[in-house]
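User: Could you walk me through how to read a few features of a structure, giving the general idea before the particular case?

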Amino acid sequence: MQVYNVVRFKVKQGEEAAFLDAHRNGKAKWPGLEHGVIIKTGEQTFCLIGTWSGQDAMVAARPAMIKTLDSFRSVLEDQGNGRGVTDAVSGAVVLDI
């Protein structure tokens with residue numbers, strides 16, 4: 001069953017290019033990732049949306065995803081309420097529309 005993950009980021013003022021560059025040129029080509037996009041959702045906010053073949057593939061890629069995050073963590077703002085610099089959710093597809 002296909003699984004998606006969505007990670008919300010708030011990028012510090014003036015750091016948009018560094019944030020996007022951290023994902024370019026295969027830096028975010030994690031094992032098991034079928035497709036990924038980053039969308040701009042606001043002035044300094046972005047979401048990364050990843051498509052995975054299954055939950056196990058996504059879980060196995062977490063160390064690689066964290067390694068990528070560590071490379072640009074300094075350009076992110078804290079999301080508040082104990083979330084840290086990312087707000088991540090994931091789940092299996094329940095309806096294909």
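Predicted model: local features only at pLDDT ≥ 70, side-chain atom pairs only at ≥ 80, totals over all residues.

Analyst: Residues are numbered from 1 along each chain as its sequence is written, and side-chain values use heavy atoms, with hydrogens and water left out.

User: Is T51 buried or exposed?

Analyst: Buried means under 20% relative accessible area, exposed over 50%, and partly exposed in between (1.4 Å probe, protein chains only). T51 has 10% relative accessibility and so counts as buried.

User: Which residues does T51 touch?

Analyst: Contact means heavy atoms within 4.5 Å. Leaving aside residues up to four places away in sequence, T51 touches Q2, V3, Y4, G32, L33, E34 and H35. Q79, with 14% relative accessibility, also counts as buried, and with the same exclusion of residues up to four places away its contacts are R8, F9, K10, G84, V85, T86 and D87.

User: How many aromatic pairs are there?

Analyst: Rings of Phe, Tyr and Trp (its six-membered ring) pair if their centres lie within 6.5 Å; planes under 30 degrees apart count as stacked, over 60 as edge-to-face and the rest as tilted. The count comes to 4 aromatic pairs, and F9, F19, F46 and F72 form one aromatic cluster.

User: Is I97 buried or exposed?

Analyst: I97 is exposed, with a relative accessible area of 92%.
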